[in-house]
Amino acid sequence: MELEQLSIEDLRKGFTESGYISEEEVIVTTYLALRLGKPLLVTGPPGVGKTEIAKVLSKMFNTELIRLQCYEGLDETRALYEWDYKKQLLMIQMGKEGKRESDLEKSIFSKEYLLERPLLKAIRADKKVVLLIDEIDKADEEFEAFLFEILSDFQVSIPELGTVSARHIPIVILTSNNERDLSDGLKRRCVFLYIDYPTVDKEVQIINAKVPQAGEKLSEEIAQAVNHIRSHLDIKKKPSVSETLDWTRSLALLNADRLSEEVINQTLNIIFKDEDDLEAFRQHLGSEELYKVVQPGHK
Amino acid sequence: MDNQVKSLEEQRNTEIWDLMLKQRWARSGNYIENNLVKFVQVLRHLGIRVSSSETIDALRALELVNINNKQAVKTTLRALLSKDIEKQILFDKAFAIFFSSPEEKEQRFLEGLRRKKEQERQAKQIEQDFTFQRADTEGEAAEEVKFDLTERQKELYTKLSRDDQEKLTEFVNQVIQTHREGSFQRKISFLQNFIRGTLNYWEKQLRQNGMEEESQVAFDLDPTGDEEMDQLLEDVAEQVRASEQALLYEDMKTIGERDLPKATVIIKRLAKKLASRISRRYRRTKKSQRIEMRRSIRSNIRYGGTMLDLKYKIKKIEKPKILLVCDVSGSMSRYASFVIQFMYGLSSVVKEIESFIFSDDLERVTPYFKKQRPFEQTMFTIMNESQYWGGGTNLNKSLLTFMDKYKALLTPTTRIILVSDAKTTKPQETEKSLQEMREMVKDMIWLNTLPKGEWGSVEHLALFRKHCRMFECYTLAHLENVMKEHFLSS
């Protein structure tokens with residue numbers, strides 16, 4: 001698929017074909033980012049399919065997905081490039097007698113000794129790639145500043161080698177769990193998308209697409225139950241879509257065609273990964289109540 | 001230097017703007033451009049930061065979608081103009097109002113007009129009700145006596161039944177007409193107190209009966225002078241007040257019992273976010289590192305003594321100490337409980353929190369929090385057990401007590417947070433205590449629950465502000481903002 005001729009319909013079709021079920025808003029916003037050639041900044045709670053967008057796009061455009069996972073303390077040497085010091089030192093020790101110093105210096109600061117990290121890899125790629133910068137909110141603020149410099153002109157200067165410019169501007173997707181506010185500078189350069197937990201209807205569609213073996217009734221009840229838990233319980237980690245799917249799969253394995261108090265009890269640890277959350281569920285909601293909630297006619 | 005940067009930025013902005021004018025507005029039919037620029041202005045007034053380059057991006061983006069599809073336009077503008085999830089609600093409301101149909105616009109205009117007329121009518125009525133003709137001893141109308149009510153009092157007064165209103169004004173009238181003992185001036189001040197007292201009584205009554213559901217939302221926007229824009233902003237503010245997230249902008253004092261759980265959730269969320277921000281700052285050890293030779297040599301023996309793997313000394317990290325001093329007199333207690341709750345949400349990233357409450361005098365409440373009980377229960381116990389909860393205000397005495405008994409808690413790493421509306425007796429003495437405290441600690445922040453607009457009317461505030469950083473703080477949004485922008489920022 002060619003990016004320049006891309007229409008909203010193409011994108012919608014591509015998303016559906018990859019099994020990515022989403023609200024119209026996600027499609028329109030992604031489309032805008034692609035057409036404007038700007039990075040797409042996706043925020044929202046964990047497990048709503050932020051990272052998935054990058055994967056789907058790389059599949060759609062049939063191109064490589066380069067991923068930069070952010071964490072505290074991430075810096076240029078891990079994100080952009082680093083000289084392979086160990087190899088260089090070895091070279092120096094080996095060549096101590098023979099070579100002239102200036103030749104030695106030239107040879108150890110050549111491409112052979114360069115460790116390419118994700119950002120440089122994306123810039124030097126022969127083809128337009130998808131660059132996923134995951135959980136940018138985990139990186140430090142300094143790194144963020146460095147990053148948006150790269151994102152604005154897609155060129156890096158390596159003192160020993162000169163300036164490297166991107167042959168193809170990559171498709172950039174940034175994700176954030178909103179653990180801290182991102183800087184205005186970064187936000188200004190991006191197209192912004194917030195993805196919330198899916199509605200009950202959407203979640204039923206997702207379940208049907210990913211776990212077709214689950215019956216219609218079961219999918220509906222599960223979607224409703226999960227939705228209820230998310231909106232009514234004050235817990236540390238709300239069940240994500242992937243947990244919904246895990247839950248559905250295990251219920252399907254148990255041959256359950258409907259939810260019941262008993263099967264809910266048996267499978268609680270799939271939805272609640274945190275001991276305190278499980279306790280909160282038992283205290284404030286309980287399997288019996290949850291079972292009632294998903295029954296037809298319940299308000 | 002700063003000025004230079006600023007002027008450069010300004011110049012750049014004007015350049016962008018000029019370019020935009022040339023490129024876009026030169027064409028005929030600049031309907032979309034005009035509307036977009038106006039909408040951006042509305043957003044900026046609502047506190048959403050939108051840069052010129054983002055505006056241009058939005059314009060480019062609008063060319064890519066079907067602008068007859070309102071939902072698509074909304075998605076587009078949101079993706080390019082509103083990038084702060086906390087402020088999404090403001091964007092949504094502003095969009096709904098700005099891009100509403102002509103019929104809706106007219107409807108709103110008429111509604112606004114009606115509201116204004118109604119307000120004027122009520123204001124007139126109140127003025128009439130509280131203007132009395134004082135007859136002299138012969139029974140001739142001799143003098144006009146007028147009482148000025150505050151906005152809040154006026155609001156309460158209009159909520160009373162006509163019957164209760166008349167009872168109040170009738171009584172005032174009777175007192176004015178009697179000509180016996182006492183000076184007239186004293187009588188007037190007695191009546192002012194009486195009116196205030198009565199209305200306060202009604203406020204409590206109304207709240208208890210659940211009549212005072214609609215609470216005051218402190219989401220006020222400064223007028224721009226452009227009538228159309230002002231009307232629009234007023235409508236948006238109105239909508240925000242009526243919405244769920246309004247709690248964030250609501251005067252904490254007026255958050256009703258029913259909304260407390262919701263407020264608790266918001267406080268927890270805000271505190272958690274701030275805590276992760278602070279912890280990040282205090283965990284960072286990369287700066288000003290020093291190499292630790294012994295560990296480095298040991299670890300590099302395997303590389304034949306070439307220093308490939310350096311080990312660093314880890315800088316000891318000092319977590320801040322917080323000292324909370326909260327006014328819990330009368331109406332202040334609600335603010336105090338929110339602020340305390342917020343601060344304890346930060347407990348994972350601070351070394352220790354010492355909490356004090358004061359009204360007539362000061363009491364240390366830290367021990368209550370050490371019992372590992374849920375926060376709500378702890379607060380409840382304090383409210384019940386403390387003799388000072390809900391008393392009068394004597395900041396001076398409270399500070400003296402503090403300096404007398406707890407001076408040892410003041411260290412160069414302590415940061416004091418004071419929560420009070422600063423209404424106190426003996427301001428000069430209070431100032432001295434404040435100064436003394438300030439000199440012994442790292443920072444002192446005063447969260448003033450009095451709206452900034454009223455600061456001018458409290459003379460001694462200027463005295464207090466010499467010794468601390470004072471911020472307006474009567475909504476959860478204020479609280480978050482102060483903590484985020486100013487606390488621990490130095």
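## Cavities

The model holds 4 cavities of 30 Å³ or more. A cavity is a set of points, on a 1 Å grid over the protein atoms alone, where a 1.4 Å probe fits but cannot get out. This is a predicted model: local features need pLDDT of at least 70, side-chain atom pairs count only at pLDDT 80 or more, and totals for chains, interfaces and linings use all residues.

The largest cavity has a volume of about 90 Å³. A volume is the space filled by probe spheres set on the grid points, which are joined across faces, edges and corners. Lining residues have an atom within 4 Å of a point. Here they include Thr43(A), Arg180(A), Phe192(A), Lys83(B) and Lys273(B). The lining has 3 nonpolar, 3 polar and 6 charged residues. Asp, Glu, Lys and Arg count as charged; Ala, Val, Leu, Ile, Met, Phe, Trp, Tyr, Cys and Pro count as nonpolar; the others, Gly among them, count as polar.

## Where the chains meet

Contact means heavy atoms within 4.5 Å. By that rule, 33 residues of chain B touch 32 residues of chain A. The two chains bury about 2,900 Å² between them, 53% of it on carbon and sulfur atoms. Buried area is the accessible area (1.4 Å probe) lost on being put together, summed over both parts.

Chain B and chain A share 3 salt bridges. A salt bridge is a side-chain nitrogen of Lys or Arg within 4 Å of a carboxyl oxygen of Asp or Glu. Lys38(A) pairs with Asp57(B) in this way, with the closest N and O atoms 3.2 Å apart. The side of chain B that touches chain A divides into 10 nonpolar, 8 polar and 15 charged residues.

## Salt bridges overall

Over all chains, the count is 31 salt bridges. In one of them, Arg117(A) meets Glu82(A) at 3.1 Å, N to O. Residues are numbered from 1 along each chain, as its sequence is written.

Notes. Chains are lettered from A and ligands numbered from 1 in the order in which they are written. Side-chain values use heavy atoms; hydrogens and water are left out. On a 1 Å grid over the protein atoms alone, a cavity is a set of points where a 1.4 Å probe fits but cannot get out, and a pocket is an open set with protein on both sides within 12 Å along at least five of seven lines; lining residues have an atom within 4 Å of a point.
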